[in-house]
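Reader: I would like a close look at one single part of this model, taken slowly, please. After that, please lead me from there to whatever lies around it in the chain.

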Amino acid sequence: MINEGVPLTEKKMDKNTLYYLDLNKPEAKQNVGYIYGLYLTIKEKKYFEVAIRGGALGFAFGIGFHLTSSETFMYFGYYFMALTFFHFSEYFTTAVANPKSLTLASFLLDHSREYTMAAVASWVEFMIELYFFPGLKHIHVISIIGLMLVVFGELVRKGSMFTAKSNFNHYVQYVRRPGHELVTNGIYSWCRHPAYVGWFYWSIGTQLILCNPLCLVAYTVVSWKFFNERIQEEEIYLLNFFGEDYVDYKKNVRTGLPFITGYQGHYS
């Protein structure tokens, strides 16, 4: 039954009473928003998949934060926070700076099999060395330098994404899209490929945090080779897209990565 003539705020809880939701109350509107958001999340598969990935990354970040209180696993906790934040911020930054290119792949969680294997290898090395050489994992100066390098890499990479906006993409573009412009201002006036610069130093920083000597060398060599090949391939298309403008840009601005000069072939 419905109690009439009594204000909602004066009604008492009764199993036989049907209550209406007073949408004039801020908390009621908030609850409706939560329910509708949950409904959309379940109804729309893409929202559900984003929520699952975002929630998993948030949960993993929380685990990392908890581990920082452990003397043994403190730096592994910082590493795990850096790793999960990187992937979440890739999606978030893309959503803000270039929403038209936003997809589930923007999380970069499935970047490549090699990327996943490299991450797992760093965890295995950390655990083995922690067991046999525990002192190696408590060289605080090295881990702090690693943390600083990770922060630096994040700032450079995200700065490049915000500067380039719709001109940034996670994948090499083989065809020039309408509105695609050559970005030479801001952080791009310091280096031609700041997104790669940021990721390169971020990856090295993660291994310094863990004090992983083997993966530090491997990450440095493999990342350098990857970005060297990637930049050469990308610059071929950039020269085709922007012609003499990119030639002049190459002459005045370096790639930003050590010993990587980019495409050196002739342009006609």
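Author: Let's start in the loop between H3 and helix H4 (113–132), where Leu108 is found. Helices here are DSSP runs of H or I with at least four residues, strands are runs of E with at least two, and the numbering starts from the N terminus. Phi of Leu108 is near 60°, a positive value in a residue other than glycine.

Before we go on, here is how to read the numbers. This is a predicted model, in which local features need pLDDT of at least 70 and side-chain atom pairs count only at pLDDT 80 or more, while totals for chains, interfaces and linings use all residues. Residues are numbered from 1 along each chain as its sequence is written, and side-chain values use heavy atoms, with hydrogens and water left out.

Now step back to the helix on one side of that loop. H3 covers residues 74–97, which is 24 residues, and its first and last C-alpha atoms are 33 Å apart, close to the 34 Å expected at 1.5 Å a residue. The expected span is 1.5 Å times one less than the number of residues. How many of the residues of H3 are buried? The count is 17 of 24, and H3 is described as mostly covered. UniProt, in an unreviewed entry, lists residues 50–67, 73–94 and 139–156 as "transmembrane region"; its positions are given in the numbering used here, feature names are shortened, and annotations may be inferred rather than shown by experiment. In the model, residues 73–94 are 95% helix and 0% strand, with end C-alpha atoms 32 Å apart. Residues 50–67 are 100% helix and 0% strand, and their end C-alpha atoms are 26 Å apart.

What does H3 hold on to? Follow Glu90, whose side chain meets that of Arg157 in a salt bridge (2.8 Å, N to O). This pair links distant parts of the chain, with Arg157 in helix H5 (residues 140–164) and Glu90 in helix H3, 67 residues apart. A salt bridge is a side-chain nitrogen of Lys or Arg within 4 Å of a carboxyl oxygen of Asp or Glu. Glu90 has a relative accessibility of 0% and counts as buried, and Arg157 is buried too, at 3%. Glu90 has another partner: Lys158, again with a salt bridge of 2.8 Å, N to O. Lys158 lies in helix H5 and Glu90 in helix H3, so this bridge ties together parts that are 68 residues apart in sequence. Lys158 is buried at 9%.

The whole structure has 5 salt bridges. Another one of them joins Glu235 and Arg192, whose closest N and O atoms are 2.8 Å apart. Glu235 sits in helix H7 (residues 213–242) and Arg192 in the loop between H5 and helix H6 (194–210), 43 residues apart. Glu235 and Arg192 are buried. Shared partners join Glu90, Glu154, Arg157 and Lys158 into one salt-bridge network.

Cys211 counts as buried at 7% relative accessibility, and Cys215 counts as buried at 8%. A search of the whole structure finds 0 disulfides, a disulfide being a pair of cysteine sulfur atoms within 2.5 Å.

Finally, the wider picture. The chain has 8 helices and 0 strands, and buried residues make up 38% of its 268 residues.

Key. Buried < 20%, exposed > 50% of the residue type's maximum accessible area, 1.4 Å probe, protein only.
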